[in-house]
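Welcome! Let us walk through this model together, one question at a time.

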Amino acid sequence: EIQAAYDYANFKAQSELENVTLRADHERKSAYLAKLEIDLEVARENEDRTLVIRDDAQINLDSAVEDLEIKRQFYAQELARITEDLAVMEEVINIFQSRVANMQDVLSKRIDQYQDGQQLGGIESQAGNLQKQWGGRLNEVSRA
C-alpha cells in the first residue's frame, strides 16, 4: 500500500509537471496561431491590393494596346495617302517637265526662224510674256 501511495504521488507529480509543460506549449502554440491569423489577414489584404493593382495595370495595358493599334492604323492610312499623293505629284512633275521641254523646243525653233532680224521685237515681247507668266522657271527647268 505504501508503494501504491508512493507510485500515485510520483504519478501525480509527473502529471502536474507534464500539465505545466503542456500548458506552456499550448500558450506558445496559441500565441503562434494568433500571429499566423494576423499574418493571414495581412496576406489577404495584400493579395486584394495586388489584385486591384493587377486589374488596373491590365486595364491600362489594354487601353495602351488599343491606342497603339489606332495609331498604327492611322499611320498606315496616312502612309498610303502620302504615297498616293507622291505618285500624283511625280506624274504632275513629269507632265510639267515634258511640256516645258516641248515649249522650249517650240521657242527655239521660232527664234531660229527669226534670227535674221524679222519680227524680233514680236518674239522678244512673246518671250517677255512667257518669262512673266512662268516667273523664270523655264530657264531653271531647262538647266535641271
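Q: Which residues gather in a patch of negative charge on the surface?
A: This is a predicted model, in which local features need pLDDT of at least 70, side-chain atom pairs count only at pLDDT 80 or more, and totals for chains, interfaces and linings use all residues. Residues are numbered from 1 along each chain as its sequence is written, and side-chain values use heavy atoms, with hydrogens and water left out. Patches are made of residues with over 30% relative accessible area and no salt bridge, with like charges joined within 9 Å and nonpolar side chains (Val, Leu, Ile, Met, Phe, Trp, Tyr) within 5 Å; Asp and Glu count as negative, Lys and Arg as positive, while His and the chain ends are not counted, and a charge is placed at NZ of Lys, CZ of Arg, CG of Asp or CD of Glu. The residues in this negative patch are E41, E45, E47 and D48.

Q: Is E45 buried, partly exposed or exposed?
A: Buried means under 20% relative accessible area, exposed over 50%, and partly exposed in between (1.4 Å probe, protein chains only). E45 sits in helix α1, residues 2–113. Its relative accessibility is 39%, so E45 counts as partly exposed.

Q: Which element has the lowest mean pLDDT?
A: pLDDT is the predictor's confidence in each residue, from 0 to 100. The chain averages 85, and 80% of the residues score at least 70. Helix α1 has the highest mean among the elements, 93, while the lowest, 52, belongs to residues 137–143, helix α3.

Q: What percentage of the residues in the chain is buried?
A: Accessible areas come from the Shrake-Rupley method with a 1.4 Å probe, and for residues only the protein chains shown count as cover. The chain exposes about 12,800 Å², with 57% of it supplied by carbon and sulfur atoms. Of the 144 residues, the buried share is 3%.

Q: How many salt bridges does the count come to?
A: Side chains of opposite charge can pair when their charged atoms come close. The rule asks for a side-chain nitrogen of Lys or Arg within 4 Å of a carboxyl oxygen of Asp or Glu. D25, R28 and K29 are linked in a network of such bridges. By this rule the total is 8.

Q: Which side chain meets K35 in a salt bridge?
A: K35 is partly exposed at 45% relative accessibility. The N to O distance is 2.8 Å, and the partner is D39.

Q: What is the N to O distance between R72 and E69?
A: R72 and E69 lie 3 residues apart in helix α1, about one turn of the helix. R72 is partly exposed at 47% relative accessibility, and E69 is partly exposed at 33%. Their side chains meet in a salt bridge at 2.6 Å.

Note on methods. Helices (H or I, at least four residues) and strands (E, at least two) are DSSP runs, numbered from the N terminus.
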